[in-house]
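What follows is a walk through a structure, taken from the contact between its chains to single residues. Please keep the sequence and the model in view while reading.

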Amino acid sequence: MSRLFYHARPVLVALVALLAPMACSDLKEDLLEPQQPGVITPEAAASPTGADALRKGALGRLRSATEGGDGLWLYSGLLADEWKTGDTFVQRVETDQRQFQTNNAQIIALERNAHRLRGAARDAIEALRVYWPADSLAKTYEAQMWWVMGTAELTLAENWCNGMPYSFLVDGVPTYGAPKTSLDGLRFAGTHLDSALTLATPPDTATVTLLRAIQLTRARIMVDTGNFAGAAALVAGIPTNYKYLQTHSLTTSDVGSWSFTNSQKRWVVGDSFDTSGLIQNALPFASANDPRVPVGGNSAGTGGACAGANAISTTTFMGGAPTCSAGRAFDNATWFVQQNIWSRSDAVPLLSGVDARLIEAEAQIQLNTPAGDAAALAILNTLRGTAQYLGSAYNSPVMAALPAPANHTLMTNLFFREKAFWQFGRGYRLGDLRRLMRQYGRAQGAVFPTGTFFKNSQPYGTDITFPVTTDEGPNPQYVGCIDKNP
Amino acid sequence: MRVETAGHARQLLLAAAFSVAAAASALAQGSISGRITSKDTDQPLGDARVMVLGSSIAVHTNAEGRFRIQSVAAGSVTLRVNRLGFMEAKQVVTVTNGAEATANFSLTTAVQQLPDVVTTATGLERRVEVGNSIGVVEAAERVKEMPIHSIGELLTARAPGVMVLNGNMSGGAQTIRIRGLNSLSRSNAPIFVVDGIRIDGGTGGMGTGGTNSSRLNDLSPEEIENIELVKGPSATTLYGTDAANGVVLITTKKGKSGRAKWSWSSEAGTIQDNNEYPQTYALWGRKPGRAAGDTAFRCTLVTVASAACQLDSATTANQLRADGVSPIGTGNRNLHTLQIQGGSDLVRYFASGTIESETGPISMPSLDRLYLASQKTEIRPEWANPERLDRASFRTNVNAIVSPTFDLSVQSMFLRSEQRLPQVDNNVNSFYYNALTNPGFRPADGACLNAAFCMGYGAVSNLGQPLNGWAQFTPAHIFQRTVQEGVKRFVGGTTASWRPFTWLQNDATVGVDFASQRNFTLCRLNECPNFGTQRQGAVNDNHNNGRIFTATVRSTGTYRYSDWGIFRTTVGGDYLNNMADGSNSGSTVLPPGAQTVGAGATPNSSNTLPTATKTLGYYLQEQFAFRDRVFVTGAIRTDQNTAFGTKFQGVWYPKLQASWVISDESFFPRLDLVNSLRLRSAYGSSGVQPGATSSLRTLGATTVSLFTDQAALQASAIGNPNLKPELTTEFEAGFDLDAWSNRIRFEGTFYNKLTSDALVNQSIAASSGAAVTSVLRNLGEVRNTGIEGSVTVQVLDMPEIGWDVTLAGSQNNNKVVSLGLDDAGKPIPTIGTTTRVMAGYPLNSFFVIGYQYADANGDGIIAPTEVTLDPLTDTTYVGQAFAPRQATIATGVDILKRKVRINASFDHRGGHKLFNNTLGFLCAQTTTCFARSSLDAPLWEQARAVAAVAITPVRTNFGYYEKGDFWRFRELSVTADVPQKYTQKYLRVESMNVSLGARNLKVWSDFTGDDPEANYGTGDVPSILLTTAPRQYYTARINIQF
């Protein structure tokens, strides 16, 4: 017997090996649980507070997709004439030169952020509909999210070329859409904003603020699609001192244009000239000495180097422009000019009553009559005649009235110049330059920065929109830009 | 922890249970004793391993060379003796019931110093029984003689197929890859096991521009006996999920029976950085038509050629080589180790203490010291020497024979290190950045107070400090930013071996690697460069904990079927729990003197996501030895892992190996030249697990300012419930040949491995609105094939002199077979743009738009119009980032009656391309690079700069992708033994030797960057941007035994 057992030892050991795992299935459960205690699973949002947290998350993405970080407001202004790059990143250099590669990582990030904003609004709407009680806030919150979604679609349509798809993600699975024209994008946005208008029913103050934001955004779409009169009518009731603010704090986020200009010196306020000479068509934001765009430093680096410690620290320039050069930007080559409208944690108006008045003024311009031009000028001078809120720490001072231009073309030029200074750095400029081509018949060479690009002494490129980037590649229907029409 | 403890206890009980269940009847038993001596010297040999063939019994000899084996089954048994440095010996002994047999051995010295016994997942095995190739690094011997300062250096160029790219700054992290790259998305680093305990070999969290610290470097080479490199899945199957990239098995020194032996080693040396960092250039001129003496205007070659600038003169500068200005000086290192080992036949101990300090060559330049002194600013030690490493480690290993059937060993290591680094690499505050963007000249005092006279270069910084040629910031402020890492680490464990019967051995190991890491960065108020808000004061204090718990149990039953066949069955299981968590805190706006988070005006904090990746695996292995010359091993392992998707329940890994000592066969021709020939082959699978949370759909928490700060949620990862591990299956075959009286040893291995279900980050189109850019899926296939070979020749083997040479090399062929299908069912063609993962090409291949150039007007200058882009739709395959080819030449010469040994090694890496981003960046961003502002720049240099800067419609860095091939004179050492008559008479020590060593002496390469090993990354693609090149170490070491 013992001999038999002796010879059977390997078999015995193997049997034990096979049986052991089966014998301890409960042990396996013990050893492998819990899995990842730190993660937040989707079940966390399955409640009213969870749905509301998603809503707030979408509002956070709204900030990221507009003026957060070196976001859309900065980049669209870089492709236009509001900013120039003082950076070493080639992605910013090629944006400034209007000569994109379709894999530009920074543009990819902007494109992602805009679409993420759509997705976040959609997530929040679905959660609010399921989990939020049918109280008075339900409609307001849903309206807010439709407005957020419409805003995202508006930014994609205004700044990207024709060919942008609008897809969705359902339970982690993408449903890809076909390329759409910018006009299609504006229609989507209009539809969603119309939903928002229907749901946003005052009288509570928060809803009034929201309703005006929806109206202003809807009106902007109308302007983009040529319905100037309708846009003016929609915003007529919005007071000039209205503002929809995006706020900041040291513990959440900094104002993007402060962080990337004043703090990091990667961005420089644009000008009509640089070391390569004049930049055709570019407005002299840095050198105009216009109180709506207060700056520090100058584009020529004149005045000698600032002496003494902290000479160009943020605090020194906050009170006004220095009398000396602000030195070089991040790239150690470009003369640095910083904006002095917003400081680190200021509130920034996403929308304002000034925007409403400018919509009304443009509707008058569109009449193409002397009376219309006069009315538009009157609106502009009314704005100049009153201190206007530009940021929580900066109001524009009262400015002298403008004389009447000699003709309608000059009036149009004046209007867009005034609009550019009033809305500096807030994501309007690129759309306006494209509209000058699309709606006012101007040539690209008469609208966009043209000439020799200062970083490499080569000509400016011909891009006037952001491309649909290669990040859209996984979409089977991806074609890139259908065209680059304005 | 309750779960782990309970679980482990239950595992042990299980192991005990099936051991007891297998209890057999007691057979007649006796014992064997004997003595092992050297045939040449007749001296006793301690630490020889004596094993009874066909059983689990193995003992070691004591210092007198004696051994005694109890409980041996009566009858005829075969004893086998292995000892490093001697030929294996066997002897048949007859054991009678209740009696003690005697077996003495006299071992012949081996010419080749290769260990006969290697470590495997199922315990120690003879090398000839293993079907795969194993690289062995005899660490203890090498460290005593060679200039080795880290584990990375210990592994560099030691084994074919093992690629090591060391960090270049003090304590910098290394990259280790074995047999190419398998994974598209996960780390391709091997796993690390110390004395059976899994440890963290990753990187730290230092806030520089790239260079990071290494957890692997926490281990002191002084404490290591040897390192075995288990190269691929054919050998790592039983190590389970995560072992597909190889396993580095580290065995620490153990005690040896005999009187206590002390050893003391001290090392001192200097560190020099003699690399040639790029010069900067300036062409001084004036605008056309202006008179000489007009305001200086910066020309470039292009503007000179186009007559847009009238050239007057040229200057050049090198901020990193200018006296008084350069922060690159001479560093130093010191190391002191005291070790003791000894014990009795029953208890052996080893204890070691090492203190080490290294001050890198980066230090505050004298001009900056003077400036700070003029500001009445006291220079803190961390500013004066911002690159510094201090480390102290203690190890205790105890092995006890509790009873004739029960052994217990306890290993423990405690380490404390403090490391600091300056701002380097890809960082606007980097001193490299500020040095290499120098304006092309270094102005004399006062010369550039008006920037207009110096082509726009101001003489003072924005803080009013004389720049002395620095671009924006000087070391006076750059080095004020303190970046420190403090690590406290404990690695400990215990192994128990219980042999209830002569045929059964049970082993259990429990261990933990606990690492507490603190990363601290500080800019006090009004310190650091004037960039961002850091001069308002900023501090970050992050604490991270890593815990790896290892538990293994296994039982091995050995069955001697007959004289010609022995079976060995092993069943085992192991459990691994890899946990990490941490908390981050920081604040800005510090009051004067403050340097803590709480003192700041705006404190904030967060925590890193706690993660736990747990693996539970079981395996069964059957080995068969036929006449001690044919060995066949088959095994199967199954794993469950918490990183797998919820819809994937487990994975199975098979293994099959064969080893045949064909030269022992009767039919093998008896050749004088051939001593032994072994053929071997192995097949096996292993895996790489997904990321800890990759399978999960998650939301992310964020805080949003909505007039007040409010908590919010945002969608995050999409997750994939079907995730499973990457499965890498490898076949390898090779041979080991000893010839010419064992003075030549050849090893050759071919391998072919296929990684299937490769984890691919499948991109999701932006328009989907997904929060993430990709989702992890098992889609791809990657194939690696290659050959490895080495030959070691004892050219001279005489009493007076000896000379040995080792030539080793490897070639890896890597190819992405497939990237799988997208959601529409179409093959995914490529991932990435410039650095691509693309079917049909090696992983991380470079694709760039090419260009052509010609100096059409013959003016010696390449203008933008003279560079023509290749078609934009046709990017060119430039090469792969990973070096597929390696070679090593190592030689040692013993002279003066073998009292002096000279070692030298050269190694080669090639077949790959490097992106010379340093020059590419400098030429793109500044006009001061050689190619743009030197009249001596050759046309090809000018062309690549023009292509990177000034051509339309797209710029291309094609010209900066260069051959990365190099040969390096890696190590040189001279070690002299002090004659014993002096050491014993005058110093009263047993032995002493002195070693002089030098490292990284010379490199030969066509690469135009600083060095083909200049790199700060730890990934699969080297990061060469404004970074440190390998330094030269010159060290002296003394080793004393007493």
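Buried area is the accessible area, found with a 1.4 Å probe, that two parts lose on being put together, summed over both. Between chain B and chain A this area is about 8400 Å², and carbon and sulfur atoms give 59% of it. The model is predicted, so local features need pLDDT of at least 70 and side-chain atom pairs count only at pLDDT 80 or more, while totals for chains, interfaces and linings use all residues. Residues are numbered from 1 along each chain as its sequence is written, chains are lettered from A and ligands numbered from 1 in the order in which they are written, and side-chain values use heavy atoms, with hydrogens and water left out.

In terms of contact, meaning heavy atoms within 4.5 Å, 96 residues of chain B meet 94 residues of chain A. On the chain B side, B:Tyr559, B:Ser767 and B:Arg955 lose the most area to chain A, together 8% of what that side buries.

A salt bridge is a side-chain nitrogen of Lys or Arg within 4 Å of a carboxyl oxygen of Asp or Glu. One is counted between chain B and chain A. The side chains of A:Asp171 and B:Arg697 form a salt bridge, at 3.8 Å from N to O.

Helices and strands here are DSSP runs numbered from the N terminus (helices H or I, at least four residues; strands E, at least two). The elements that give two or more residues to the side of chain B touching chain A include helix H1 (2–21), strand S28 (538–562) and helix H10 (917–925) of chain B. Strand S30 of chain B gives the most to that side, with nine residues.

Chain A itself has 17 helices and 14 strands. Of its 486 residues, 60% are buried, where buried means under 20% relative accessible area, exposed over 50%, and partly exposed in between (1.4 Å probe, protein chains only). Among contacts in chain A with a separation of 6 or more, 71% join residues 24 or more positions apart.

A nonpolar core is a set of buried Ala, Val, Leu, Ile, Met, Phe, Trp, Tyr and Cys residues joined through side-chain atoms within 4.5 Å. The largest has 123 residues, and A:Trp147, A:Val269 and A:Phe466 have the most contacts inside it. Helix H8 (residues 136–159) of chain A is the main contributor to this core, giving twelve residues. A second, separate core of 44 residues includes B:Trp383, B:Tyr457, B:Leu467 and B:Val483.

Which residues does B:Ser263 contact, leaving aside its neighbours within four places in sequence? They are B:Thr337, B:Leu338, B:Gln339, B:Ile1040, B:Gln1041 and B:Phe1042. B:Ser263 sits in strand S18 (residues 258–272) of chain B, and it counts as buried because its relative accessibility is 17%. B:Leu311, in strand S21 (residues 310–317) of chain B, counts as partly exposed because its relative accessibility is 29%.

Two residues stand out by their backbone angle. Most residues other than glycine have a negative phi. A:Ser457 has a positive phi, near 60°, and lies in the segment after helix H17 (429–438) of chain A. B:Trp740 also has a positive phi, near 55°, and belongs to the loop between strand S36 (726–739) and strand S37 (744–763) of chain B. A:Ser457 is partly exposed, at 47% relative accessible area, and B:Trp740 is partly exposed at 34%.
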